[in-house]
Each structure stands twice: as structure tokens, then as C-alpha cells.
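Me: I have a model open in my viewer and would like to learn how to read it feature by feature. Could you walk me through it?

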Amino acid sequence: MNTTPSKTQQLIVSIGALSVSCIALVVMTGWLTRDSTLTQIHAEWAPMQFNAALCFLLGSIAIHMESRSSRPPTLLLGSIVLTVGALTVLQYALAFNFGLDELFVRAHFHTKTSHPGRMAPGTAFCFTALGIYLVACVHLTQHLARLGRLLAGAILFSFGIIALIGYALGIEQAYAWEEYTRMSVLTASALTILGTALLASRWSRDRAYKAVLVVTLAGTVLSLAALHLNRGAELLAFRARLSLDSSLPVWILQKDAGMALRYLQSAGAFIESSQEITAEEFERFIGKVAGDVLSVAQYEWVPLVSQENRKTFEDDISSESGGTYMIHEKNPDGSLRVAADRPSYYPVKYMVPAQRHSSRLGLDLSSEPGSFATIRSALERGRLTVSSPIISHTQARAGQRRIYYAAYPVRAPQGGGYIGIVGGIVDTQGFLDRSLAGLPDTGLDLFIFDTTEDPDGILIAQSISKGHRGHFETRPYRLRSQPLPSTSALQTLPIAGRTYTVLCVPTERYMLQFTALPWIALIVSYGMTVSTAFFIYWLTDRSDHLKRAKRFLEIQTGVGRLLQEENSLGDIARGVLQILCRNSPWSVGGFWLVGPSGLLYCSAFWISPGHQYRRFESASLSPDCRHDQSLIGRIWKSGHHEWIPDISKTPDSLRREAAVADGISSGIGFPIHIRNRVVGVIDLYSRAHQEPDLELLHVLAAAGTAIGQYLLRLEAVSRLEEQRQDLERVNLELDSFVYTASHDLRAPLRAIGSFADFLEQDHGPKLDAQGRDYLSEIKKGVRRMAALIDDLLTLSRLSRIHNPYENVEMTSLAKEVLDRLGFDIDSSGVEVVVHDPLPTIRCDRIKMGELLINLIGNAVKYSSKLSGRRGRVEIGYLDRDAEHVLYVRDNGIGIEPKYHEQIFGMFKRLHTQEEYEGTGAGLSIVKRIVEEHRGRVWLESSPGKGSTFFFSIPKNIIERPGPENRS
Amino acid sequence: MNGQTPDTARILDILLAEDNEADVKIALRAFEKAGLKHVIHVVRDGQEALDFLRQTGRHSQAPRPDVVLLDIQMPKLTGLQVLEEMKRDPELRRIPAVMLTSSRNEGDIRTSYSSYASGFMQKPIAFEDFEKLVEGFNRYWAEISRLPKKGS
């Protein structure tokens, strides 16, 4: 049974769905019409992406449908939402573009968007959760659907509200995950609204609900915090490492550069100290070291040669080298010619490394503007000067390779002017390569910019790491005019009066130190959140379940106890209502029974303490109320329970208006059965809205059955009581009849007997033998009748009188009986023996005495006329586990087995009055007494062998409460 | 008369209230057979018994009895009712009333003594037992027990 939300809840859902759909439509319009205000509101803010808007639209429609019907057709909408969400998440996870982002609309602006058109990862995750719920909700049980809805709503709500708070307080981490698209304000609001709608659609007061919401909210915050903290930690580590890794090469470069330049200076100093050096000396002192170690491509000695000294200079060198040395110069087109006449020349005299066929040797550097500017500057300043970066033509194949010309002015030994310069061509790329050759590849791309003149920097050299995966292109970085990668680092490198900026760009391999750990942390903590939410839900549900079970148990035991305590019906009715109301949400109820007239009447009406239901109470108790036409009447007729979730909707409830006026919203009624007969109805009401609860119904039905059985018992008991009273009355009548009869019989009997005596006394002599015989028969008859009357009275007395049981010492009782029978025993000559010890038996002393009188009397009588032996009567005891067995044994005439049953019959005799006197009532008296004690009497006897009469009295005798003794 | 010597041959006036003809005859005969000389006045119902005791109506000349023997079941007034009346009357109160009845009812016995009966005798069926009863009655009331003098 799928619960439907109440009207308020449906309204909330509709409002929420509607507002989100509006937002979505507006945004989609904005995308389609390229109006950025609609999508981002503020130009600096991230926009809601088209896909997100689409998912919001479909999702809100689905949620609206889901709240209205129990089998919502949300499969299609849900699967679209799920697909979009899940695929976007996958795109992020696999860093692979499925083309989903711009499927519908091209993204023409991407503020704060990492991939054009792609929604924020948080949004994608929310849609995935929502999509899963929408797709699965029709197939889930009510319980799971509730949980799913709760979780989806909580997730949406958490992400939305956290992002909104982030926007409000300016905490970017709340809505931004790393570099990825930021969640837009619109998206955050829409998520919050949609989440609220989902939560509200089946909101119940269960603690489980609140617990899950709180856990999800907290879990989201913590997971995001975990993500950001982790990533932050990694970033810190990264920055530290980057700083370290970028500092090292820079430091080495600085060192090497310094060393190179210092060597240049020392070369100059060397030349300064020696007046003139030879080529060999130049090569030896400067050459190899410089070239190999210091990455200066070329050192050269450029003396200052005046026009006058030209010829001498040229001849000297020619003779030294064995070749022809001529000062030449470059044409603008690059060709060479002999240097024109000038006042001074700056020819390259020595070069290290010496290059064969080098046209540079003898080149007048004044014709090389780049070098010459530096030379002139050096001579002017009187110190080492480094040029601006020069494009190397010889290295043109490698792109824009720059070199530097360094010039160190050499003075004349004893002061005076400069005699020339030591120059160096610094191949910056080669320099860089050689400097960093020994270092391990850290995975950083290094780019060295000369920023002395241009802050934007001129790239002079680069060191590309092998840490690139796949296709690699160097981006033309510029320091100012273009944004640099955020993960790059800049270091400043001043060398020889020039400023260099080293740009370190981490390669993919370097970025591998960014692990997926923060994501794993996020996923794990979110997984834990969801599991905790499930667990808490299950726990609180279980605890609620237990509480419910406990309450139901209370109801059952309370009702059971109440019914056993044998209170009056009114007390029970009130008590039952009280127990039911105490342990369930109901707070007012009535107990209705069918009266003798066949109409329902109110046996009890209960209102929980602290509540007031004046109008309802008076309506219920009013005698005008025809209940057989209301809820109660329906249940009475049908015998089935009825649950009314909304009392204002019941068609024909008589008390409906009063109920609604008093704020009652739900009610339930259930019948009280005796077998299949409805004998009463209990109805309960509450202010809170109650959905039908199967378990509660079962408990109530069980209570109804128990009460029904109790009523049945009451009925039976009262019937029994009636019967008992009838029986008593009859007995009483019988007894008094017997009594009166026997009493009234005595008087005429007395007359007969007495007058027969008078006759005999006064006129006896006048009678003949026959006459006297007749008289004697008359008297015998009288005696017999008197004895019969006595026995009748005894028998009647037996049933009327119940003496209380006491512990009777059988030995003393036996002795008493023997005293009473004393005369008869003595005159019979029978020996009577009592086998001690006889037990103490709990019984009716008087009746037991009668019993013994009868048994012993009989025994004596029937062993009194024995020939050949003396009559002997024994009284003894046998202990059997559960009962006392006593016996009276005689050695008399015995009884044939076939008469063993009969002789216990009333007035049954086996002998005539002449043989043995008696009425035959004795044994039936004995039997009746023994049976009253719940015992048995039996006989062992055979003719001529005597008889033993046994009788048993149970040890654990339960004394029957009898009526008052009447005599 | 002073002294405590029992008058062994006292003659008593005994009022017998009995409705049954046969029982009257038996009782009278029993007294006769026992050789007792007491004067036995017989009344046949409870009202007559009271008249006799109060010496009214027919019995205005009646002597005050020394002992009253009352049957319980009688017409008009029962023996117990007569007993109650007697004990209410300051004069009649002094006369010992003994119940002579067929009843073996414990309740009757109790009620009789509650109403200050002086004795309760059950009429036996056999005549010789009746004789013994009368002898016992005589022995106690005429010989052993002292009665107040009449007329003081």
C-alpha cells in the first residue's frame, strides 16, 4: 500500500516543482536566445548549464507526478535525468568528453566553466541520485521507496543549501570542486527547492526522517571538506615541491652563469696582466675549460686595433697561423669583404673553440651591430656587459633561438685605456642544457625569459621534460599578456645586470603527484554518509519498530490483565479504552455494547487526560444519537473493522460535525466478537492524521477477540450462576419437602405404633395368638418405617449440610465411633481391632464419623452370627502416593462378586430383615460421603471369606465451597 | 414453707398444648402408665393456650400451670409464638415452657432456646420411648428442679 501525501504536502510539492520548472525554462530560453543575463544573472557568476536546466525541468515534472499517483510514469523522465547526470559524472571521472555537454546547445560563454557546457560535478551527482530514485521508485516496496525518496531529497537539499551558504558567505569551496565548473546560484537554489519538495512530499514525524536528513547534510559538508582539505593538503605539498624543484635548476643556472662570466673576467684579467698573449696561450688558459664546462659557446679575444696598426696586426697573425689573416667585415646581405678603412678595428684575434673555416676569425665586430653595441657599452662602462638577446641566425632551424654576447673590457697592464675585450657568445639553450644535464628529470618544463627590457619576456631558452604523455605541443607562453597555467611557478634570475624570469610548468607526469586520493576521500566519505544514513534510518526505524511493538505488547498484556482481574464490565470497558489510548495515538474513544433491547449503548467513554472533546463527547453520549446508522452501526452489522484516515470525508458519520469541530482528523472502529457474533464495538479517534496501520489493526482485533471471550465468559458465568441458584432452590425445596414429609410421617407412625402398644397392653390377654401375632407385625412395620424415615432424613441431610473440612485424626475418630457403637459391638461379641497408626486426614469430621459408623456397624452386624469362629473386624490404613486408603475388614459371610456393584444402591439389601436387620441405605450413605470427598469406595469379598471395604480420600483435597449449612 | 427438702411427690399443673388427637392420647397414657399424678390440662391450639395462661375467655377459672408443654405446629398460633408471648408477659414469663414436638429441626431447637424455652423434647415414635421421656421429664421437673410458688 503506497501512502499518498496529504493535501498540504502535495501543495508544497507542486509549488516546488513549478518554481523549479520556471527557473529551468527561463535558463533554457537564455541559452537558446544567447541572453547571458537569464543564465548567469551576474556576469561574474557561473551560469546554469543547459543540460542542468533540462534535467531540472524533467525532474520537477517527474516529482510532481510522483507525489500525485502511486504508480507514477516516471521511468522515461527518470532515465533521461539519470543518463545525463551519470554520463557527466563519468566524463569528469574519466576525463573524457562524450560530447554530452554541448549536445543541445553550443556553449558560447563559459564563465567559471571548466569544460564548455558541462555542469558542475556536484549537480551531476545530484541528478544521478535523483535519476536512480525516479527510475526505481515504482519497483520498490513502500518502505524502500520512502527511504529512497528521503535520501534523494536529502542529497539534493544538502548540496543546494551548502552551495547557497557558500555563495552567501563567500566560501568558494562550498560550490567549487577543484578546477571544475562552479555550481551556479540558480542551480543551488533549484536543488534546494527540489530537495525540499521531495522531502516534504512524504514528510512524517519519524525520527528516522530527521536523522537521515541531518546525517546527509552533515555527511555532505564533511565529504566536501574532506575533498577540499585533502586537495588543499596536496596543493600545499605540490607548491612546496614545485618551489623546491624549480629553485634548484635556477640556482644551478645562476651559479653556472656566474661562473661563466667570472671566467670571462678572469680571462680578461689574465690578458690584462700579460701584455700580449699568444694564440696558444689563449687556448690553453681559456679555451677548453671554457668551451666544455661552461657552456659558453665561444670565447674570443678582440683587441682594439687602430688603423695604423692594421697591417702589422694582420701580418703578425698571418705569420703565426700560417694562413692569411685579414680583417674583414660583413655586408648587410651577410657576405664578407675586406674591412674598409676606419680609425679603429675590433677584429676577432683568437677564438676558442677554434673553428675551421670560421669566417669569424678576423671579423671586425664593429660590423656586427649586436656584438658591437655590447662591446661599445662594455668599453664605456668599463665592466662586463651582456647584450640583449640576439636571434641566432645559425640556429634558425630550432626556431627563435637566442644567444647573448658578453664583452669584458681589458685594460692595458699599467693602466691606460682598454686594449680590447674578451668576448663570449653564450648559447643560452646550450648553456641551459649543459647546466641541467646532471639533474634528474623532475617533470618540470622550464622556460627562461629575458625580462630586462620587456616585462612580457623574451623566451631565450627552454628545457622540456620527458614527463609529457601523448601528444605535446609547446604553448607560446607569455608572461603578462596571457594567463599562465595556475600550476606554474616563476622564479627570478638576475645575471650580469640582466633580469631573467624562469617559468616552471609542471608536466602531466609532475601533476601525477595529484592523486585521486581526495576524490577517493570524497567518494568514501559520501559512501559512508549514505551508509550511515541507511544505518541510522534502519536503527531509528528499528527502534521505532521496537517502540511500536512494545506499545502493542502493552496493549495486549494490559487488556489481558484487565480481563483477568474480574472487574465489573464498566471498569473493564473504561480500563480497555484507557490502555488503548495510552499506547497508541488515539486520545478519545467509546466502548459500545449491544443492550438487551438490541440497540447499541455506550458502556464507557474515555478521553485521555489533558484533552478536551466537549462537542464530540456530548454528541456521542446524547441519547438522540442513532448509532446504528453511523460508523459504529456499520461495524456492528459488518463485523469488520473500519479505518477512517480523514474523518471529514466520511459520508454518514453522525458525529462528524462535532468531531471536525473538535479537531479530530482520524478514527478507527473495530468489533468485539463472540465467535461470529458481534456484541460490541470500540471506536477511537485522534487529532493527528493517522494512516491505516496493519499491525495496530491486528493488535486491536486481538484485543477485541479477548474482550469478546471475556464477555462470553461473563455470560457463561452468569448463566452458571443462574443454574446454580436454580439448583439450590430446587435442592432447598426438595430438602424441605423431604424434611417436612419425614416429619409429618412421624406423627401418624407414632400413633400407629403407640396404639398398637396400647392395644397389646390393655387388650392383649383378650387376643388369641394370631391376634397377638398381627399386632407384633404391625409394630414391626412401624419400627421399619421409622428406620426408613431416619435414613431418608440422613441422606437428605448429607446433601444439604457441608461442614468445613478439618484435620481429623482417624484413630481418635474410629475410637469415638466404636464408643457410639459400643452396645452393638458388645452384644454381638465381635472383636474389633484398630490398626494403629491411622493417619490424619483432612475431611468432614461429622460425615466421616457417619461413614465409619455405617461401615463398622455393617462389618460387626455381618460377622456377628458366625458359627465356629469369633467375628473379627479390623480397621486399617494403606498409604498410596496421592491418596489415603482406609479399610474395614470383617471375617463375616462375605458378598458374592456379582452383587459388589449393586449393594451401594439405595435401600438395596441382600438379606431379609429376619436374617439381618437394616434398611439398605448404609452403603449408599457411605458412597455418597466418599464421593463428596472426591474419593472412591470398593470392595474385596467372596462368600464365606469375609469382606474388606476400602475407601480412598485424596491427599490434596480441594475443599468445595458449599452453600451455608442448613438443617 | 422453709427448708430445701425436695417434695418428691409434688403434683404439678401441666398445660399441654397439642393439636393432634392421637398425640394427646399417647401423652396422657404415658403419664398414666408412668404412675404420675400431675394434672394435665390440654389445649388444642396456640390461642387457646394463651387464653388458658391469661385465664381469659373459657379458661377464666383456669389454674396457673407450673410447667407448659408446647407443641410447635399448632393452628392459630404456633408453639414458638406462644412462647414468645409468654416471655413477654411479666407474669407468664416465670413459667417454664418445654417444647414437645416431632420436629428434629436444628433451627427449631435454636429458635426455641433463643425465645427462652426451658427445654426441648422430641416425641419418639415408639411408645415405650415416650414412657421413658415422660419419666425423665417428671424426674427433672417434679423432683429435681425447684419451681416458683404459684400466686406470689
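Reply: Gladly, and let's begin with a pair of strands. In chain A, β21(A) and strand β23 (residues 872-880) run parallel and are paired over four bridges. Two strands count as paired if DSSP finds at least two bridges between them, and helices (H or I, at least four residues) and strands (E, at least two) are DSSP runs, numbered from the N terminus. Across this pair, A:E831 stands opposite A:R872 in β23(A). Before going on, please note that this is a predicted model, where local features need pLDDT of at least 70 and side-chain atom pairs count only at pLDDT 80 or more, while totals for chains, interfaces and linings use all residues. Residues are numbered from 1 along each chain as its sequence is written, and chains are lettered from A and ligands numbered from 1 in the order in which they are written.

Me: How do I read a hairpin?

Reply: Strand β9 (residues 402-411) of chain A pairs with β10(A) in the antiparallel sense over nine bridges, and A:V410 stands opposite A:G420 in β10(A). The hairpin they form has six residues between the strands, and A:G415 in the turn has a positive phi of about 85°. Another example has β13 (residues 489-495) and β14 (residues 498-506) of chain A, antiparallel and joined by seven bridges. In that hairpin two residues lie between the strands, with A:A496 in the turn at a positive phi of about 45°.

Me: Why is strand β10 of chain A described as largely enclosed?

Reply: A residue is buried if 20 or more other C-beta atoms lie within 10 Å of its own, exposed if 12 or fewer, and partly exposed in between, with C-beta atoms placed from the backbone. Eight of the ten residues of β10(A) (residues 418-427) are buried, so the rest of the structure largely encloses this strand. Over chain A, buried residues make up 38% of the 967 residues; for chain B, they make up 36% of 152.

Me: Which residues touch the most other members of the largest nonpolar core?

Reply: A nonpolar core is a set of buried Ala, Val, Leu, Ile, Met, Phe, Trp, Tyr and Cys residues joined through C-beta atoms within 7 Å. The largest one has 77 residues, and A:A53, A:L156 and A:V212 touch the most other members. Its biggest contributor is α6(A), with 13 residues. Setting aside neighbours within four places in sequence, A:A53 contacts A:A24, A:V27, A:M28 and A:M48. A second, separate core of 62 residues includes A:L384, A:F447, A:L503 and A:Y510.

Me: How do I describe two packed helices?

Reply: Two packed helices are described by the angle between their axes and the distance between the axes. The axes of α20(A) and helix α24 (residues 922-932) of chain A come within 11 Å and cross at roughly 5°. That makes the two helices, α20(A) and α24(A), roughly parallel, a term for angles under 35 degrees. Where they meet, A:T794, A:L795 and A:L798 in α20(A) face A:I925, A:R928 and A:I929 in α24(A).

Me: And how many residues of each chain are in contact?

Reply: 13 residues of chain A are in contact with 15 residues of chain B. On the chain A side, α19 (694-763) and α20 (769-800) each supply at least two residues, and the largest share, ten residues, comes from α19(A).

Notes
Contact = placed C-beta atoms within 7 Å. Axes fitted to C-alpha atoms, helices over the stretch in contact; angles between N-to-C directions. Parallel < 35°, antiparallel > 145°, perpendicular 65-115°, else oblique.
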